[in-house]
Amino acid sequence: MYLTCSIVTCNLILPGQCICHSFLFAELNELIVSSLVSGENLIAELLKNKTHLYLSAKTGFKIHEAVNAGIAAASVFNSILQESETPNLPLCVVFDGDAVLFSDESECVTETGLENFLKHEGEKVDIPMTEGPLKVFLEALKRLQRKFYDNNKREHCPILTCLLTARNSGNPGYRALNTLKTWGLGTDQAYFLSGSSKGPLIKMINPHIFFDDQREHLEAAMEEGKLACLVPRPEKNP
């Protein structure tokens, strides 16, 4: 029996249907359950349903509240998708690293300058980062994958995960991979761009959905007709 992954959207029916369509191919009907909900008591309903991912086509609609409640959540930038040549399967999900899978600790250091970031990562290269807003969603996807791996059906697994990060492949990249390993996780593919544009790699990977915390990277995905989702930073306790 497969793990159920709930994908919840909160908006008008047409945007919601477009969002769900990008996930719910016929082959995944038994793996992923989609539901449309209203805003009333939304967070309580998401928690009750043990939701693995909450998407809203209405920018910012209770997204921060969901993330602060420990629910993987993101705002959808382009609910009306262009025609795409992305194959139905495997379902390809691409994650940014910092402030998405990982916390925004290192990204905050980056904002003080690249030199400070590289020094920071060198000093903490063997120290795993804390988790980010979408770590729980990656965990859910990996559990689904293991259902196939454990039954010797790896080649038939309908899910592909990718890490696409601006980190380089030195200490910053090592720390990212080591963090995933420490969590008992990993992605099927990992790309380290050293600050280069993500657009060309998004075109090459050809994903169904892309998660990032920066609008410029989401716009690059949108230019390729991909479902682009903005991940918010959790509010920090005072």
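**A lysine and its surroundings**

Guide: Let's begin with K135, which sits in helix α6 (helices are DSSP runs of H or I with at least four residues, strands are runs of E with at least two, and both are numbered from the N terminus). Please keep in mind that this is a predicted model, in which local features need pLDDT of at least 70 and side-chain atom pairs count only at pLDDT 80 or more, while totals for chains, interfaces and linings use all residues. Residues are numbered from 1 along each chain as its sequence is written, and side-chain values use heavy atoms, with hydrogens and water left out.

K135 counts as buried because its relative accessibility is 9% (buried is under 20% relative accessible area, exposed is over 50% and partly exposed lies in between, with a 1.4 Å probe and protein chains only). Leaving aside residues up to four places away in sequence, K135 touches V100, L101, W183 and L185 (a contact is a pair of heavy atoms within 4.5 Å).

The protein chain has nine helices and nine strands, and 50% of its 238 residues are buried. Among contacts with a separation of 6 or more, 72% join residues 24 or more positions apart.

Next comes α7, a neighbour of α6 in the packing. The buried residues of α7 are P172, G173, R175, A176, N178, T179 and L180, and they pack against α4 (105-110), α5 (114-123), α6, β6 and β7 (189-192). From first C-alpha to last, the 12 residues of α7 reach 16 Å, close to the 16 Å expected at 1.5 Å a residue (the expected span is 1.5 Å times one less than the number of residues). After α7 comes G184, with a positive phi near 75°.

β3 runs parallel to β4 and is joined to it by three bridges (strands pair if DSSP finds at least two bridges between them), with L55 opposite A74 in β4. β4 also runs antiparallel to β9, with two bridges between them, and V76 stands opposite C229 in β9. β9 is covered on both faces, with L227 and C229 buried on one side and A228 and L230 buried on the other.

β9 has a parallel partner too: four bridges pair it with β8, and D212 stands opposite L230. With α9 between them in the list, β8, α9 and β9 make a right-handed β-α-β unit (with the strands pointing away from the viewer, the path from the first strand over the helix to the second runs clockwise).

Within α9 (residues 215-223), H217, L218, A220 and A221 are buried. These residues lie on the same side of α9 because they cover an arc of only 155° around the axis (the arc is that of the directions from the helix axis to the C-beta atoms). Their cover includes α8 (199-205), β8 and β9, whereas E216 and E223 are exposed on the face turned away. Just after α9, G225 takes a positive phi of about 75°.
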